[in-house]
Amino acid sequence: MAQSLLIISRQAPWSGPGAREALDIVLAGGAFDLPIGLLFLDDGVFQLAPGQKAAAVQQKDLSANLQALPLFGVEQLFACGASVAERGLDPAALNLDEVQVLAPAELGALIDRFDQVITL
Amino acid sequence: MAPGLQTEFYMKFAIALFSAAHAPSSRRALAFAQAALAGGHEIVRLFFYQDGVHSASDNIVTPQDEADLPAQWRNFVSEHQLDGVVCIAAALRRGVLNQEEAARYQRPAVNLSAPWELSGLGQLHDAVQAADRLICFGGP
């Protein structure tokens, strides 16, 4: 039985390579058919903002990579509802259909479900 | 003592480092790794990712009156013959290149050498699967 791994992604997409590098761990795990979850927390929820214009700050758009997650077998996708609300994002209009928005009280149980956790 | 407790005492650790060489968390990672081996535990792999790749650079020059963490890591990994893996994508992005990659990308400088090895994120996942615990240092 493979150990499950939760990646907690806390960086905005424009704040450096952190968001991309967190996502790369998730995609690599998916490619190896490992049980992987991804939680967007704090500024990480900005990765889910619709209508991003990454090219305006000479960045590559991560959105397309996020859409590929279910294709890589990564279906455990979560966002912290409080982080979403604090940043003025609409939880019903996030840029990833499969993401489940969780209340802060649910995060502990989520993290508990996974064998290992990486926060980036 | 409860049954099973003794067998759980010795653990296999995977250690991931995400912070730069001068960050306090990098020093704590080395201290943890040293303590783990001193306690009879096993380190299945060290995996340096994000700014952690800088700790494997041969080109960091530390002032004489400060702890030379990259040298301490190198000696520690060599002495205990550990598996020290530096993520290749994160390293290339930050200018940490071994002989092979410097030649591949036609760069004039090489700053990564044995005992460090450049490899992919699969090595992180492999270490997670092989270990009882993944211990991460650094990160936001």
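**Reading a two-chain model**

Mentor: Start with a loop residue: B:Gln106 sits in the loop between helix H5 (99-104) and strand S4 (116-119) of chain B. Keep in mind throughout that this is a predicted model.

Trainee: Is B:Gln106 buried or exposed?

Mentor: The general idea is to count neighbouring C-beta atoms within 10 Å: 20 or more means buried, 12 or fewer exposed. B:Gln106 has 6 such neighbours inside 10 Å, so it counts as exposed. Its C-alpha atom lies 29 Å from that of B:Ala16, a residue 90 positions away in sequence.

Trainee: Which loop of chain A holds A:Ala93, and how many other C-beta atoms lie within 10 Å of A:Ala93?

Mentor: A:Ala93 belongs to the loop between helix H3 (81-86) and strand S4 (100-102) of chain A. The count is 10, so A:Ala93 is exposed. From A:Ala93 to A:Gly73, 20 residues apart along the chain, the C-alpha separation is 23 Å.

Trainee: How do I check the length of a helix, and what does the check give for helix H2 (residues 24-38) of chain B?

Mentor: The expected span is 1.5 Å times one less than the number of residues. For the 15 residues of H2(B) that gives 21 Å, and the end C-alpha atoms are 21 Å apart, which agrees. After H2(B) comes B:Gly40, with a positive phi near 85°.

Trainee: Which residues of H2(B) are buried?

Mentor: They are B:Ser26, B:Ala29, B:Leu30 and B:Ala33. Viewed down the helix axis, these buried residues fall within an arc of 95°, so they line one face of H2(B). On the other side, B:Pro24, B:Ala31, B:Ala35 and B:Ala38 are exposed. The cover over the buried residues of H2(B) includes strands S1 (12-17), S2 (42-48) and S5 (133-137) and helix H3 (69-79) of chain B.

Trainee: How many residues of chain B are in contact with chain A?

Mentor: 17 residues of chain B are in contact with 18 residues of chain A. Helix H4 (88-93), helix H6 (122-130) and S5 of chain B each supply at least two residues of the chain B side. H6(B) gives the largest share, five residues. By type, the chain B side divides into 11 nonpolar, five polar and one charged.

Trainee: Which residues touch the most other members of the largest nonpolar core?

Mentor: In that core of 70 residues they are A:Ile7, A:Ala79, B:Ala14, B:Ala16 and B:Val86. Leaving aside neighbours within four places in sequence, the contacts of A:Ile7 include A:Ala22, A:Leu38 and A:Ile118.

Technical notes: Residues numbered from 1 in each chain as written. Chains lettered and ligands numbered in written order. Predicted model: local features only at pLDDT ≥ 70, side-chain atom pairs only at ≥ 80, totals over all residues. Helix = DSSP H or I, 4+ residues; strand = E, 2+ residues; numbered from the N terminus. Arc of directions from axis to C-beta. Contact = placed C-beta atoms within 7 Å. Nonpolar A, V, L, I, M, F, W, Y, C, P; charged D, E, K, R; others polar. Core = buried A, V, L, I, M, F, W, Y, C linked by C-beta atoms within 7 Å.
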